[in-house]
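Here is a brief report on selected strands and a pocket. The sequence and structure come first.

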Amino acid sequence: MLRKLTTTTCFLALVSCACVSASPVPSSSSNSHGNGSGKSQPQRVINSVKLNGRTYLNKGLVGFGLIPSDFRESTGDTLGGIGSAIDLKYGTFKASEGKFSGTFIVQPDRGYNVDQTINYQARTHEVDFTLVPYYDTVNLTFAAAQKTLSLKYKKTTLAWDRNNVKTSGLSPVAVRQPQQGYPAKALADPEMPIASTELPHLSINAEGIVQLQDGSYWISDEYGPYIYRFSKEGHLIQTIQPPNAFLPRDVRGNLNFTSDETLSTGRVGNQGFENLSLDHKNNILYAMLQSATLQDGGDTKTASRYSRLVAYDVSLPTTVRPKLVGEWVVPLPLSSKNKTRASSEIHFVSPGVFLALARDGNGRGGDDDNSAYKQADLFTTIGATDIHSTEFDDPAHPVSPAGILDPSIKPATYIPFVNYLDTTELARFGLHNGGSFTLINAKWESFVLASVDEKEYPDDYFLFTASDNDFISTHGVSLGVPFDGGLDVDNQFLVFRLTLPGSSKECFGQ
C-alpha cells in the first residue's frame, strides 16, 4: 500500500539544520607518525565543514599505496577493478606501535570489457595491508610514499549462482522467473537478470560490498539494480529487489536488465546501485543509485542529479525478507556545465549522515589527464522527505521529471568535504593531477572507515579509498587470454584522516 509523504525521523537523531563552513583552518606540521596506542598526534587540518550543527574536519592525506596493474590473482587473471568496492574483513583491523593493519575485502565489477561485456565470474579478493600514517609536510617521492600503505594479495573467492552455477559479467538479455514462494519466503529469488536463455547464469555487475560478522556479505549490483547476499564461500543466499520505480522496464512495461540500450523507466544502464553501506549497530542496509532513474531525468547528464537512497532492515534476513524502511532523494553535485557528478560510493557515518564519493571520469586511465572533481562529500537525510512506499515508488510518478524536483519533496542536504585533488596534499605523496605516471587515477569508486584509536580524538577515523583501474594493463590476462590495454593503470589506494562527530566503531562493525 502506498502511504503519505513524511519528513524522515526513522533511525535519526534529529538535530539542528544543516549549514556549511568550508574555510581552511590553519595547519601545523609534524614529523611523527601515528602510534596506534591511543596517544594523540599533532594535528593538521586542511578544511572544515558544518552539518547539522556539528563540525567535520579533513585532516589530510596520510597514506598511499598500490598494487601493480600486471599483478595476477590465483585464477591466473589480472587483479584489476578492485576499487569498485572495498570493505574491512570483520575483526581484522588492529593498531600497534605506530602501525595499523588489517585485511580488505575487495571486489571487481565485470572484468576487462573494452569492446563488450564478457563472461567474467564475479569474485572477491582478500588483500592484507599495513598503514604507517605520514603526517609530515615534507614531500615524499612516489616510491617512498608507497611505504605508507603496504598491500599484499592474499586470496580469491569466486561467486556462484544457484545450484553451483558460475555467475557471469555479460550484459543480461534474458530474465529468470521468480522462485516458488517469492516474496513470502525470505530466501526465494525475484525475477533475476541472466546472461541469456542459452547461458542462464546470473549476471552481476558488482559495485558495492559490506561484510558481516559471520563472513557472509552483501553486494550491490548495477544490472538489477539488486542487492545480493552471498555466503563466505561465495554462494548466493538471497536477493533484495527494490521498488518498481528502480526496475529497468521497456516501453511495454517488461523487465529488461540489459545495460546496452536505453529503456523507458527505472535505473539508467551502468548507473544502478553503485553505492552500498551498512549501519552494523542497527542492521540498516543503505543503497543508492549512481544517478537519477530514467523517469527522474536520468536520460541526460544535465537532468540526472536527483538520485535515490533506500534503506532496508536486515536484522533477520534469513527468516524475514528485508523490509524497505526509508527512501530519500539525494541531490548530486553539478559541474560548471551543469552536468551531474555521479556518485560512486556512500558510507554510513552516523544516523542520517553519509559520505558520498562523487567524481568526474578524468585522470590516469580516463578520457583526459586533468581531473576537476573527485571528492568524499557529506550529505544528511535529517529533515529530508521520506518517500518510501508512496506514489513515487511507481515509475508513473517521478520525483524529478526532466530534472525538476517535485515541490512536495525536500531532498537531502549535500555539501562538499574532502578534495582528492588538493595539489599540496597529492604532492606530499609524489602524486599530482594531470601529466605523467604519478598521475592520480580517474575512477575512484569505494571507501571504508576505520578508527584512528586515539583517546584525545575519539571521533577521528581513517578513510581508506580505492580506485577502479578497469583492468587496464599492457601485460594483462582476461579469462586466460593475454591482452594489451595500451596503458598501465595501477590499483591505487589513498588514506585520509577525518574527524566525524557522532560516529561510532560499533556502527562500522569494529
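Six bridges link strand 19 to strand 20 (residues 353–359), and the two run antiparallel. This is a predicted model. Within the pair, glutamate 345 has leucine 357 of strand 20 as its bridge partner. Strands 19 and 20 make a hairpin, with two residues between them. Glycine 352 sits in that turn and has a positive phi of about 85°. Strand 19 spans residues 343–350 and is mostly covered. Eight of its eight residues are buried, that is, under 20% relative accessible area.

Four strands form it, in the order 11-12-13-14, with antiparallel pairing. Strand 11 (206–211) and strand 14 (236–240) are the edge strands, each pairing on one side only. Neighbouring strands of this sheet are turned by 20° against each other on average, direction ignored. Strand 13 (residues 227–230) is joined to strand 14 by four bridges. Phenylalanine 230 stands opposite leucine 236 in strand 14.

| Strand pair | Bridges | Facing residues |
|---|---|---|
| Strand 19 and strand 20 | six bridges | glutamate 345 and leucine 357 |
| Strand 13 and strand 14 | four bridges | phenylalanine 230 and leucine 236 |

Which residues lie nearest the centre of the largest pocket? They are Gln271, Lys301, Arg359, Gly361 and Lys443, out of 47 lining residues. The space in the largest pocket is about 1400 Å³. By class, its lining has 22 polar, 18 charged and seven nonpolar residues.

How values were computed. Residues numbered from 1 in each chain as written. Predicted model: local features only at pLDDT ≥ 70, side-chain atom pairs only at ≥ 80, totals over all residues. Heavy atoms only, no water. Buried < 20%, exposed > 50% of the residue type's maximum accessible area, 1.4 Å probe, protein only. Pairing = 2+ DSSP bridges. Axes fitted to C-alpha atoms, helices over the stretch in contact; angles between N-to-C directions. 1 Å grid on protein atoms, 1.4 Å probe; cavity = no way out; pocket = protein on both sides within 12 Å on 5 of 7 lines; lining within 4 Å. Points joined across faces, edges and corners; volume = space filled by probe spheres on them. Nonpolar A, V, L, I, M, F, W, Y, C, P; charged D, E, K, R; others polar.
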